[in-house]
Amino acid sequence: MQHIHIKLFAESPAAVRLADAIPVFHRWIQTSAVPGLLIDVADYSHVINGPGVVLIGHEAYYSLDAAKGRLGLLYQRKAKADGDAAENLRDALKTAQAAAALLEHEPEFAGKLRFRQDQVAVTLNDRLLHPNNDETWAAVEPALRAVLDGYTLVRNENPRELFEVLATRA
Amino acid sequence: MKQSNPHWKERLAGQIPPLLASEIDIFENEIALRLTGKIDEKVFAETRLRRGAYGQRYDNGQRNDGIEARKLAYGRADLTKGPNTLWDAPGMQRIKIPFGGLNATQLEVLAELAEEYSDGIAHITTRQDVQLHFIHIEDTPSVMRRLAAVGITTREACGNTVRNVTSCPLGGVCRDEAFDVTPYAHDCAQFLLGHPDTQDFGRKFKIAFSGCETNPCALVRIHDLGCVAQVRDGKRGFKVYVGGGLGTVPYQAKLFDEFLPVEELLPLAQAMARVFARLGEKKNRNAARMKFLVVKLGLEEFKRLVLEERAALPTDPRWTTPAVLPEESPLHPGALLQIDPATPGFTTWKSDNVYQQRQEGYATVTVALPLGDLTADQLRGLADIARAYVKETIRTTVEQNIVLRWVSESDLPALYDALSALGLNAAGAGTIVDITACPGTDTCKLGISSSRGLAGELRERLAENGAAADDAIRQLRIKISGCFNSCGQHHIADLGFYGVSRNKSGFAAPHFQVVLGGQWTENAGSYGLAIGAVPSKRIPATVTRITARYVQERQSSETFQAYIRRIGKAECKLMIQDLTEVPPYTTDPSFYSDWHDPRVFTLGDMGIGECAGEVISAIDFQLTACEREAFEAQLALEKKDVSQAAKLAYESMLHGAAALLTWRKLGYDHTPDAIVERFREQFFDTQVFFDPFAGGKFAQYFFRAHERRNEARGEESAHRLIEEAQLFIEACHSCYARLSLQPAKV
Ligand code: SF4
């Protein structure tokens, strides 16, 4: 699995101002708070249901994302990951969870932002390597089940969209 | 960098027009050559710029994080894609959209590319292009292939080339146009794309078409070549303007011809390109735009030279063979909307964003995009809307919006609902809240202040404080550039701003120079007055002050331009005097950081711009192309295609010889025999090609390759030929370098 995206959803999005992530992400660059080479902050808080505020990195992006009207922490792996499918997924999930925990504790979000522990969206951002079809599902399902043990997996079957699975724990 | 990059070529085989496919293959090979150090970084920079692959802020590997300037530690720190531009640093991909015309499939592909290679956003520019940011250079061939498969090229989107040809988004449906200029803009773009006469400019060349003199849809008078539709005695033609341009010092275009018959359009454009290539400044990029040439020569002399060139041009059948653009037609029958629905926001939206077409019962709808941005999901949603309500008749606009043409008026409520579901139902198109801004410090290397940050802030505040509700204020336009280069077109706005910096007690504070009273109508009829620099954080107060004074003091229906002219520059300056003050850093540090960027402000992040590209002479390009051919010969040999390898190796030598002949302005027939003969006579017999040590040996390789060009070769022989071709091309480079020290024969 390559170019994995992990999205962790906010519990009460109404309390959160997207633009508050701008100073946070600039600080993360100053302190190298998350793994990878961090380059800049892109602000799309003016776009409805958009990418929100994005911390642009070389190996990965981190964002407070508002796509599809669901606020969350989005981790997007850009560079090649070297492990097998389950390893790559586990790494991406761990990195996203660590970033989410960090964000929750930033002064701008303290008491306002908490991420749900029971749901995660996994997206594979490459239509050629991972087309949104049954073959991809068959190929990646074992890794998804191994890493997201105890979650119910629902695939977004819209063929125009990226391969995406919403994992929810009962 | 995408792991799927090696596979797109195969996946899209047969779906890309052959010419575009080979263009992209060439570029991919050039990337491979640069990776192995076989192309000079300057040549590669111009090569990628000509394909729309632009640099981005911080690509020199340096960024101030608010505390200190830090090195961005990319793995391949020694590899560059241009002078002072690191290979791995993300860049911007500009995508040319001639006349702004798009269809639904193209929107879907743009959505995929924004999602897979960029940061999820597609950005519409002030010249109807689309831009994607944060793209890795090694991803660009895949991006280009996926675009080419749906009929879009990025070729000549940047660099010293003919840039996107722009035109009225209302062409064909406008109530005021003389005729639809779309087909002419299209043909002009196609004709000049890759044309040999447009490859040796010292600077970019911008062209625009307008259907009428008055409306501000195409801004022809800020272009190098601007054409306004006219009909005389039932015949179509253009009023032609030349030498316009914004930049540091704006130049109004000059009237070149009152009436140019349409059949003369392409030959005139070609002749103008030849004169610009021949006489335009090449060394000093700051004086290389066409506007400087027109001024230097004087309009009359410029005109004489262009017409003389025109008269000497050999006839090209394409001049009078218009490309057939598919005729636009509506999807649904035209029907008037009898009663506005009670949906909140619909009536305001309809009044701002809906234009009644001259075809009864039809409207053109503007989708107002905040700062020109839209998401992948919104692009897909718009594609669906374009299929459901119109026959995919979509255009981008110079106000960084998108229009849908041929909407049956009775569909407007349903269309509004569909746009609302996508978050694209904002009203205010073409009003004070519809602010135009260049990328500024967000992504541009030359940015001084945050134009997009300011635009976002003003948009929000104007909507909140109700100022935009006053009709006189509502009609005004705001345009913002991050620096004096005017990409945000601040000179032609009612209220224009461009980024500057000021120091106070050792601290730099972001400012904007205020430019008032520019004229957006009459195709950008006149430029505004700069009245003083105001701290960035006080620009919203400045806008409130100026607009309030205008509402209070204007005489009857006096326009904003007339008001500013009447009260004069001194009074304007006085009006904002107190707002120009900056409190000391210790009193209010917020003045020392920019909008939506909390870092302490610095100019340290500015880099060297690439707007103009490197000035690379035609021979540099031609010799680089020869090296690429020799490289492709190697690839063919690797695939055991011996005859192709030999053919490519021989052609690389032939093209090297031709490049030298062209450079020395030694006329020749374009047949291989004639090239060899002329090369022998001018370079071999005279010994000017001779290497100080090897003498004429490398030229002999070429002559031998020519003699044996039709013989079948074995693998070993082909291999040797490739080696000889490489040596011959090296010798061409040396010869060029040696002779450059002597004046070329004119
Ligand atoms: S005006 Fe200046 S900051 Fe804006 S895009 Fe142009 S060069 Fe960059």
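Glu309(B) is buried, with a relative accessible area of 10% (buried is under 20% relative accessible area, exposed over 50% and partly exposed in between, with a 1.4 Å probe and protein chains only). The model is a predicted one, in which local features need pLDDT of at least 70 and side-chain atom pairs count only at pLDDT 80 or more, while totals for chains, interfaces and linings use all residues. Residues are numbered from 1 along each chain as its sequence is written, chains are lettered from A and ligands numbered from 1 in the order in which they are written, and side-chain values use heavy atoms, leaving out hydrogens and water.

Helix H9 of chain B (residues 299-312) holds Glu309(B); helices here are DSSP runs of H or I with at least four residues, numbered from the N terminus. Apart from neighbours within four places in sequence, the contacts of Glu309(B) are Ala271(B), Arg274(B), Val275(B) and Arg278(B), contact being heavy atoms within 4.5 Å.

Turning to the cysteines, the structure has 0 disulfides over all chains, a disulfide being a pair of cysteine sulfur atoms within 2.5 Å. Cys174(B) is buried, at 8% relative accessible area. The closest cysteine sulfur to that of Cys174(B) belongs to Cys212(B) and is 5.6 Å away, too far for a bond. Cys217(B) is likewise in no disulfide, with the nearest cysteine sulfur, in Cys168(B), 5.1 Å away.

Chain B is divided into domain 1 (8-148), domain 2 (173-319), domain 3 (346-421), domain 4 (431-561) and domain 5 (616-746), with bounds from an automatic or database domain assignment. Taken over C-alpha atoms, the centres of domain 2 and domain 5 of chain B are 37 Å apart.

How values were computed. Helix = DSSP H or I, 4+ residues; strand = E, 2+ residues; numbered from the N terminus.
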